[in-house]
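Please keep the sequence and structure in view while reading.

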Amino acid sequence: MAENPHRGTVLVINGPNLNLLGTREPEKYGTHTLADIERLCADAAEAQGLAAECFQSNHEGAIIDAIHAARTTALGIVLNAGAYTHTSVAIRDAIAAVQLPLVEVHITNVHAREPFRHHSYLSDIAKAVIAGAGVLGYRFAIEYLADLTATRKPVDA
């Protein structure tokens, strides 16, 4: 079996409706697709000596399951929880439970949008929040996690 050339994996999670990127409100979210973002994440991780595992779901429970699974396989999590950012205590509790460093990402500047988007259940437990940088926010998040976790190893199950 070949040795993994990476020093670890970053889990990149995209929540509800982000599978529609590229066609969903391009005036707000741009024309990059989810596949474009996943390639950007893979390239950014590779540049940092990491691997990126990308996951998208429109279902809260599936996102929670992915977070739980990352507990023993990932160095950190990049999470664009979409609308769940503003509604899900369950996703917050899952992040808190796995004790992995989190970077919260939003393509748009949520603070310049509707008032209900100004509150995040994740921000106060995140190591960083990146909002309004477009898809580059994912690259910034991976670079930040790479620096933050330079000496961290995944926990053995």
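## Salt bridges

In this predicted model, Asp 36 and Arg 39 both belong to helix α2 (residues 34-47), where they are 3 residues apart, about one turn of the helix. A salt bridge joins Asp 36 to Arg 39, with the closest N and O atoms 2.5 Å apart. Asp 36 is partly exposed at a relative accessible area of 25%, and Arg 39 is likewise classed as partly exposed, at 48%.

Helix α5 (residues 136-148) holds Arg 139 and Glu 143, which are 4 residues apart and therefore separated by about one helical turn. Their side chains meet in a salt bridge with an N to O distance of 3.4 Å; Arg 139 is partly exposed at 32% relative accessibility, and Glu 143 is partly exposed at 30%. Glu 114 and Arg 117 also form a salt bridge, at 2.6 Å from N to O, in which Glu 114 is partly exposed with a relative accessible area of 29%, whereas Arg 117, at 15%, counts as buried. The structure holds 7 salt bridges, and a network of salt bridges links Arg 24, Glu 25 and Lys 28.

## Cysteines

Cys 41 is buried, at 0% relative accessibility, while Cys 54 is partly exposed, with a relative accessible area of 27%.

## Packing of α3 and α4

Helix α3 (residues 60-70) packs with helix α4 (residues 89-98) at an angle of about 5°, and their axes are 9 Å apart. The two helices are therefore roughly parallel. On the α3 side the contact is made by Glu 60, Ile 63, Ile 64, Ile 67 and His 68, and on the α4 side by Ala 90, Ile 91, Ala 94, Ile 95 and Val 98. Of these contact residues, 8 are nonpolar, 1 is polar and 1 is charged.

## Thr 108

Thr 108 is placed in the loop between β4 (102-106) and β5 (128-131), and with a relative accessible area of 10% this loop residue is buried. Apart from its neighbours within four places in sequence, Thr 108 is in contact with Lys 28, Tyr 29, Arg 113, Ala 131 and Gly 132. One of these contacts, Lys 28, also takes part in the salt-bridge network with Arg 24 and Glu 25.

How values were computed
Residues are numbered from 1 along each chain as its sequence is written. This is a predicted model: local features need pLDDT of at least 70, side-chain atom pairs count only at pLDDT 80 or more; totals for chains, interfaces and linings use all residues. Side-chain values use heavy atoms; hydrogens and water are left out. Axes are lines fitted to C-alpha atoms, for helices over the stretch in contact, and angles run from 0 to 180 degrees between N-to-C directions. Angles under 35 degrees count as roughly parallel, over 145 as roughly antiparallel, 65 to 115 as roughly perpendicular and the rest as oblique. Contact means heavy atoms within 4.5 Å. Ala, Val, Leu, Ile, Met, Phe, Trp, Tyr, Cys and Pro count as nonpolar, Asp, Glu, Lys and Arg as charged, and the others, Gly among them, as polar. Buried means under 20% relative accessible area, exposed over 50%, partly exposed in between (1.4 Å probe, protein chains only). A salt bridge is a side-chain nitrogen of Lys or Arg within 4 Å of a carboxyl oxygen of Asp or Glu.
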